[in-house]
Amino acid sequence: MDQDAREQGLLSALTTEHFVLQTSRSATITESVGRATVFLSLLSASLIGLGFVSSSGHLIKPYLGAVLPTLIITGLLTFARLVQTTVENALNLKRIQRIRAYYHRQLAGEHDFFADAVTGEGNMRTIAAAVGGSATRWDLLLTTAAMVGAVNALLIGLGATLLTGVASGSATFAIALGVVVALVAFAAQLAHIKRASLWLSS
């Protein structure tokens with residue numbers, strides 16, 4: 001196979017790979033939205049149910065005892081998958097930028113097509129800027145995973161408050177402990193997102 005045929009074959013393969021990666025990015029975004037929607041719908045339905053049983057004092061504790069663990073488990077599983085899809089999406093974008101950098105070097109000539117893919121090549125901050133992001137530590141708070149993590153932290157804190165209130169009988173102590181537990185839970189989930197995405201910058 002001569003050099004021209006080899007380059008043409010590589011270009012065809014890269015074009016196909018570019019399409020597949022973009023399709024994969026769309027699929028991860030769709031899955032993230034779907035999972036978050038299912039979780040938030042479950043949470044909304046649970047709050048509506050709580051409104052129905054709130055008038056019967058003897059039903060509230062059994063209801064919360066059944067619903068709260070379900071919400072927490074569902075939320076944590078949703079969070080774990082959202083972190084995975086966030087990393088998959090970023091990895092696909094990184095691979096797309098490598099292909100775009102090849103397009104620029106081989107085909108752009110004197111034009112500046114795909115030039116952004118070459119500037120700071122491999123750097124996630126530069127790659128994120130290509131799609132309007134900045135890849136700073138604060139951007140972790142803007143992800144769907146962090147949103148679900150915040151809801152999870154609230155539910156975990158609520159669970160701790162209720163259990164402590166029942167055990168100690170002190171509302172003030174129970175609320176204070178619940179706030180601390182919620183903050184720790186949220187911080188732990190943010191740390192998990194950061195750890196999961198660290199290797200992308202290598």
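Me: How much space lies in the second largest pocket?
Reply: This is a predicted model, where local features need pLDDT of at least 70 and side-chain atom pairs count only at pLDDT 80 or more, while totals for chains, interfaces and linings use all residues. Residues are numbered from 1 along each chain as its sequence is written, and side-chain values use heavy atoms, leaving out hydrogens and water. A pocket is an open set of points on a 1 Å grid over the protein atoms alone where a 1.4 Å probe fits, with protein on both sides within 12 Å along at least five of seven lines. Counting the space filled by probe spheres set on those points, the second largest pocket holds about 250 Å³.

Me: Which helix gives the most to the lining of the second largest pocket?
Reply: The lining (residues with an atom within 4 Å of a point) includes Ile60, Lys61, Leu64, Gly159, Leu162 and Val166. Helices here are DSSP runs (H or I, at least four residues) numbered from the N terminus, and both helix 2 (57–108) and helix 5 (144–168) supply at least two lining residues each. With 7 residues, the top contributor is helix 2.

Me: How many residues of the lining of the second largest pocket are nonpolar?
Reply: Ala, Val, Leu, Ile, Met, Phe, Trp, Tyr, Cys and Pro count as nonpolar, Asp, Glu, Lys and Arg as charged, and the others as polar. The lining of this pocket has 1 charged and 2 polar residues, and its nonpolar residues number 8.

Me: How are helix 1 and helix 2 oriented to each other, roughly parallel or roughly antiparallel?
Reply: Helix 1 (residues 3–53) packs on helix 2 with the axes 8 Å apart and an angle of about 165°. The contact of helix 1 with helix 2 brings together 25 nonpolar, 14 polar and 8 charged residues. Angles under 35 degrees count as roughly parallel and over 145 as roughly antiparallel, so helix 1 and helix 2 are roughly antiparallel.

Me: How does helix 2 lie relative to helix 6, roughly parallel or roughly antiparallel?
Reply: Helix 6 covers residues 171–198, and its axis lies 9 Å from that of helix 2. The two pack at an angle of about 30°. Helix 2 and helix 6 are therefore roughly parallel.

Me: And helix 2 relative to helix 5, which is it, roughly parallel or roughly antiparallel?
Reply: Helix 2 and helix 5 have axes that come within 9 Å and cross at roughly 155°. That angle makes helix 2 and helix 5 roughly antiparallel.

Note on methods:
Axes are lines fitted to C-alpha atoms, for helices over the stretch in contact, and angles run from 0 to 180 degrees between N-to-C directions. Angles under 35 degrees count as roughly parallel, over 145 as roughly antiparallel, 65 to 115 as roughly perpendicular and the rest as oblique.
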